[in-house]
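Please open the structure in a viewer and keep the sequence at hand.

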Amino acid sequence: MTDAGPASWPTDGSSTGAARSVTLTDLLRVPMHRLRLVVAVAAVGLLAALGYLVLVPAAQTASAVVAVRPVVTDAFTPSGAGADRAVNMNVESGIATGTEVVQRLADSAGGDPRDIRDALEVEVPTGGQILRFSYQAQDAQRAVQSANLAAQAYLDVRRNMYEQQRAEMLRSYDASITKVVAQQTAVQKRANSAKDTAAGDAALAELAGINNQLTQLNAARTEIAAVDINPGWVTQTAERALVSSAGHRPLFLIAGLLGGALVGVVLAYVWESTDRRVRSVADGRDATGLPLLGTVRRPSFRGSPRAVDADIRYVAMAVAERVHQPARVALVTAREDATSLTAGLAVALASDGREVFVADDSGRAERLRAAVLADRGRLPIDPSRPLVPKPRPAGTPAPAGATAENAARRPSPHPPGARPSTDPDATLTLPRVASARAENGRPASPDEVSVGVGSVRFGTWRQGADHGLVLFNAPPAESDERGVAVARQGCAVVVVERDRTRQSDLRRLVERLRAAGVTPLGFVLTRNGRA
């Protein structure tokens, strides 16, 4: 193998040196690669929401509507266009949810006033004089009773307030009337005891004014006493047929699923920040500072254990460009197994006529042989097989006048020159026993596999000392240092598994190689696995 020597390749990453911008695809790549974590946490959130709906019964809501009536002295006098402003509905809503109403509910239905206050809700529609009492309870019957009790308690409290106001006003009028009556009695006595006409006329005039004042007070008292103090009435009572489930229970499932997915995405980013994996060529170049020798993809359908053969051949050409015989190439990894890539490179290099020796000291020789045999069967063109028929051997020309009948004649069992001689002293010629040969015409040893016009042999590192091209299937460097030790005697190719190789392990591997005096040829990005 007389390839050119290694060319000058930059070892500090990208030649431009510009910082790579983070795109939306980079942000979505993290949760996509941690999809199992996101799905698991989302499933936990969905199960939590489902368990809540199963274990916690749905709250039942009952509603009662109260029409608020303004209290006026003359109920038959129209109040004009501002009837909706006759009652301050904000004040009425405060009274409906006040302490007195809640305490009456607690005394009637039982329970903690704080829980009743949380379960009771009063709505005031815009521009109307109605109150809608809504009460939530675990039982429909309790919700109905509590809603009706709340509406009735509000009407009772408001009626008591109006009664107290009317009683205070009547008491005030009664006091004024009593005082005026006393004045009337005194003036009447003075008028009766008057001796002259002038004094009698003055007393009578004063008595007339007092009588007029007393008449007005009695009329006002009568009007106040006749006021209808009914604060309103219940226009719609709560019934079991009108009870509805509080809230939208399917929304709990959606909220649990979306919340779990959001938490899963956050955990994916947290996990990725502590356990960074190589996701792309840029990540591998940033972590190693080495040039890319090639990327080895998997077929489009998942689950296939083999790589794309064309990618391996491109990697083999890149490796062959940088080494020359005798070559010792160690395929080193951090924690992964490079057996499949080693076998693929051996087949690709041997198919061009090279004698490749694959060394392995970790007991993976049989796996390497099986992989080489499988890869050999997928070669696009077998150079060992001629594209045209072989020429006829010399000395056996076809007769010029041969016909189809002569061609179909059975050949003689005694080839020319092989008939038995009658001379007893004649030399007996024995047929030569053919040795086992491979497809390319060379003798094949038991540990050799013919690939195209080349071959692949297997053995340990010591057994490959006399071979020109040796590929060492190194064990993971995190647990075994033999790969770095072998690379000191030749060169190294760093194998990086996408979505599996940690960037910290990859940096540590490159630092170990450089500390041992090894300059790696580059790195190969392979495998579309999952983290």
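Is W461 buried or exposed? With a relative accessible area of 15%, W461 is buried; the term buried means under 20% relative accessible area, exposed means over 50%, and partly exposed lies in between, with a 1.4 Å probe and protein chains only.

Before the next selection, please note that this is a predicted model, in which local features need pLDDT of at least 70 and side-chain atom pairs count only at pLDDT 80 or more, while totals for chains, interfaces and linings use all residues. Residues are numbered from 1 along each chain as its sequence is written, and side-chain values use heavy atoms, with hydrogens and water left out.

**The whole chain**

Display the protein chain as a cartoon: it contains 15 helices and 13 strands. These elements are DSSP runs numbered from the N terminus, helices being H or I with at least four residues and strands E with at least two. Of the 531 residues in the chain, 37% are buried.

**The sheet**

Select the strands in the order β6-β13-β12-β7-β11-β8-β10-β9: these 8 strands form an open sheet with mixed pairing. Two strands pair if DSSP finds at least two bridges between them. At the edges stand β6 (292–296) and β9 (448–451), each with a single partner strand, so one side of each has no neighbour in the sheet. From one strand to the next, the twist averages 20°; angles run from 0 to 180 degrees between N-to-C directions, and axes are lines fitted to C-alpha atoms, for helices over the stretch in contact.

Next, select residues 491–497 and 522–526. These are strands β12 and β13, which run parallel and are joined by 5 bridges. Within this pairing, E497 has T526 of β13 as its bridge partner.

Then select helix α12 (residues 365–376), which lies across β8 (355–359), β9, β10 (454–459) and β11 (469–473) and runs at about 20° to β9.

**The nonpolar cores**

Select L345, V356, V372, V451, V456 and L471, the residues with the most contacts inside the largest nonpolar core, which has 39 residues. Such a core is a set of buried Ala, Val, Leu, Ile, Met, Phe, Trp, Tyr and Cys residues joined through side-chain atoms within 4.5 Å. Helix α11 (residues 339–350) gives the most to this core, with 8 residues.

Centre the view on V356. Leaving aside neighbours within four places in sequence, its contacts (heavy atoms within 4.5 Å) include A346, L349, S455 and L469. Apart from this core lies another, of 32 residues, among them A64, V68, A147 and V157.

**The aromatic pairs**

The whole structure holds 3 aromatic pairs. Rings of Phe, Tyr and Trp (its six-membered ring) pair if their centres lie within 6.5 Å; planes under 30 degrees apart count as stacked, over 60 as edge-to-face and the rest as tilted.

Select Y52 and F252: the ring centres are 5.6 Å apart and the planes are at 40°, so this pair is tilted. Y52 belongs to helix α2 (residues 35–55) and F252 to helix α8 (residues 249–274), 200 residues apart. Y52 is partly exposed at 43% relative accessibility, and F252 is partly exposed at 36%.

W461 lies in the loop between β10 and β11, and F472 in strand β11. F472 is buried, at 0% relative accessibility.
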